[in-house]
Protein chains: 2
Amino acid sequence: MENTESVAKTHDTAASLIVVGSIALDTVSTPSASDRIGLGGSATYFSAAASLLCRPQIIAVLGEDFDRSQLNFLEERGVDLSSVTTKPGKTFHWQGSYGEDLGEATTLCTDLNVFADFEPSLNASQQDCDFLFLGNIIPQLQLEVVEQSRAKFAVADTMNLWINTKREDLLRVLGRIQMLVLNEAEAQLLSGEKGILAAARKIQSLGPGTVIIKRGAFGAFMLHEDELFSCPAYPTPNIVDPTGCGDTFAGGVLGTLARHGKVCGDTLREGIVVGTALASFTIEGYSLDGLKRADIHGLRQRYATLEQMTRFRALDM
Amino acid sequence: MENTESVAKTHDTAASLIVVGSIALDTVSTPSASDRIGLGGSATYFSAAASLLCRPQIIAVLGEDFDRSQLNFLEERGVDLSSVTTKPGKTFHWQGSYGEDLGEATTLCTDLNVFADFEPSLNASQQDCDFLFLGNIIPQLQLEVVEQSRAKFAVADTMNLWINTKREDLLRVLGRIQMLVLNEAEAQLLSGEKGILAAARKIQSLGPGTVIIKRGAFGAFMLHEDELFSCPAYPTPNIVDPTGCGDTFAGGVLGTLARHGKVCGDTLREGIVVGTALASFTIEGYSLDGLKRADIHGLRQRYATLEQMTRFRALDM
């Protein structure tokens with residue numbers, strides 16, 4: 001990881017990025033479609049997004065029922081799948097449902113299956129990766145991974161279930177990572193604070209110097225050291241299925257950081273806007289359908305739209 | 001109203017701005033205080049905010065119970081009160097209550113009193129004012145005022161009550177104004193659209209070329225012709241009472257437009273950021289207490305914070 005901005009501009013020179021998370025089969029219901037079955041999982045969305053920016057590597061486990069050809073598109077995008085193993089049993093399965101507002105999903109069913117015994121072991125090169133993303137998995141497992149790692153910048157996601165039931169383990173994770181990414185309701189639950197700035201500051205005091213709070217249709221908010229940043233959501237009129245938007249967003253952020261090989265206010269801001277633009281592709285389709293349509297050209301266009309939407313001149317008085 | 005940006009930089013050369021709205025006595029309950037009685041009203045907050053930017057004039061009516069010395073601070077700030085009349089009866093009174101989240105108020109009581117028979121009549125100079133703001137009053141009254149006016153840029157606020165009960169009158173108002181300012185739930189109710197962009201476009205199709213949607217803690221969104229703008233809320237940690245924030249915001253927007261004497265994407269954006277900064281003073285105190293503490297220096301500081309919070313560099317790929 002270099003300390004200048006001029007490095008790591010192509011995929012081959014980007015810093016290394018590993019995601020430990022799920023590759024899943026999802027069953028999703030929205031107001032316009034019931035029980036759609038498709039590819040899902042935090043590592044899937046994350047790496048598909050990050051692959052536009054660097055060459056991410058996935059550490060995950062599949063069941064014997066999983067048709068690996070479903071991951072061909074990731075391989076074509078340069079994602080390293082060499083540490084995606086197959087074990088006897090069924091693949092992780094999540095079932096969720098969205099209400100009329102297509103806001104937060106209600107989880108109807110979580111079958112951990114082969115994920116229940118998942119014990120990721122990092123090899124020497126993986127231990128030395130530059131950037132590490134711990135998808136939303138049980139905090140004990142996040143802790144085992146981060147303790148094996150010498151990553152220069154480790155990032156975790158989490159959820160209300162772990163905040164409520166595994167708080168002590170989660171607090172240990174927070175003491176070991178540099179950045180936490182979570183949604184606003186989770187930030188309020190974890191911190192006990194209602195205001196977004198107070199919540200972010202409280203979480204910062206628990207460990208991570210950088211806190212990114214996802215606000216759905218209201219965009220994203222970052223506290224990095226003493227620096228604040230706010231980015232609106234991309235105003236897509238075509239909202240189909242929000243599943244995977246958070247992981248897509250995180251993949252855009254971490255992919256940008258790995259691409260530049262540098263963590264600072266500027267690269268984090270760029271990453272948040274990239275993540276926002278990429279998440280807007282994910283929401284436009286079921287499963288990975290929307291995100292698969294995202295390319296560098298589309299990313300550049302949506303990034304430029306977000307620039308136009310947020311710029312204003314200096315106060316003229 | 002000039003068509004260049006270099007005019008109207010001082011209060012004396014600003015374009016003329018009239019607000020027609022209420023001066024009220026409010027009774028407000030928040031989680032930390034019950035039944036606090038204080039000065040309120042849309043015209044009061046609006047003009048106090050705009051007075052930092054131009055010399056607004058109020059058209060309003062008071063009851064005999066109103067102690068006019070409560071308005072001295074407005075006169076000291078250069079607000080023209082010559083068309084604030086006193087009539088037999090009681091002053092307009094609003095009673096509202098906020099829940100734990102200090103979000104939308106629940107209206108407990110609205111006593112129109114002297115406001116019930118308010119029939120504002122604009123004199124020749126008022127008819128020719130450059131900018132006109134119609135505070136949140138019954139649409140029939142907004143229509144009577146706008147029909148007397150030859151304002152170059154007329155703006156209205158509204159609320160769910162009128163959208164539900166006076167839709168036809170409100171639609172007539174929309175056909176006569178250049179800009180509508182309303183909150184997100186009201187925009188959804190008026191348009192029948194859930195997405196903010198779809199809602200704004202639908203409202204635009206009803207008349208006003210510019211639509212500003214207030215999102216509370218999530219900031220503000222503008223559609224101006226084909227141009228989008230999004231501004232986050234100012235992250236004040238000190239939230240006391242949101243009453244008047246919407247009118248303060250509108251006063252900042254219209255005051256900025258009047259100061260520049262020009263309506264375009266740039267002045268609207270500047271106005272929205274000014275309005276956002278000023279509303280953050282209002283929320284920090286009861287009644288006008290917070291806004292009274294706002295001066296040019298404080299406005300500049302908070303504007304600069306909002307610049308810092310939103311800037312990001314061009315995509316480097």
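Good morning. I begin with one helix of chain B: the buried residues of α7(B) are E184(B), E186(B), A187(B), Q188(B), L190(B) and S191(B). Here a residue is called buried if 20 or more other C-beta atoms lie within 10 Å of its own, exposed if 12 or fewer, and partly exposed in between, with C-beta atoms placed from the backbone. Helices (H or I, at least four residues) and strands (E, at least two) are DSSP runs, numbered from the N terminus.

This is a predicted model, in which local features need pLDDT of at least 70, side-chain atom pairs count only at pLDDT 80 or more, and totals for chains, interfaces and linings use all residues. Residues are numbered from 1 along each chain as its sequence is written, and chains are lettered from A and ligands numbered from 1 in the order in which they are written.

To return to the helix: α7 spans residues 184-191 of chain B, and six of its eight residues are buried, so the rest of the structure largely encloses it. What do these buried residues pack against? Their partners are α5 (160-165), β10 (179-183), α8 (196-205) and β11 (210-214) of chain B. Just after the helix, G192(B) adopts a positive phi of about 75°.

I turn to the sheet of chain B. It is open, has nine strands in the order β5-β4-β1-β8-β9-β10-β11-β12-β13, and its pairing is mixed. Two strands pair if DSSP finds at least two bridges between them. At the edges stand β5 (80-87) and β13 (227-231) of chain B, each pairing on one side only. Within the sheet, β1 (residues 17-20) and β4 (residues 57-63) of chain B are parallel and share three bridges; V20(B) is opposite I59(B) in β4(B). Helix α1 (residues 42-50) of chain B packs on this sheet, where it touches β1, β4, β8 (131-134) and β9 (153-157) of chain B, and its direction makes about 160° with that of β1(B). For such angles, axes are lines fitted to C-alpha atoms, for helices over the stretch in contact, and angles run from 0 to 180 degrees between N-to-C directions.

Strand β11 (residues 210-214) of chain A runs antiparallel to β12 (residues 220-224) of chain A, with five bridges, and T210(A) faces H224(A) in β12(A). β12(A) also pairs with β13(A), again antiparallel over five bridges, with M222(A) opposite F229(A) in β13(A). These two strands make a hairpin with two residues between them, and E225(A) in the turn has a positive phi of about 55°.

Finally, confidence. The predictor assigns the complex an ipTM of 0.92 and a pTM of 0.93. Chain A averages a pLDDT of 94, and 97% of the residues score at least 70; pLDDT is the predictor's confidence in each residue, from 0 to 100. Over residues 1-9 of chain A, however, the pLDDT is below 50. Thank you.

How values were computed
Two residues are in contact if their C-beta atoms, placed from the backbone, lie within 7 Å.
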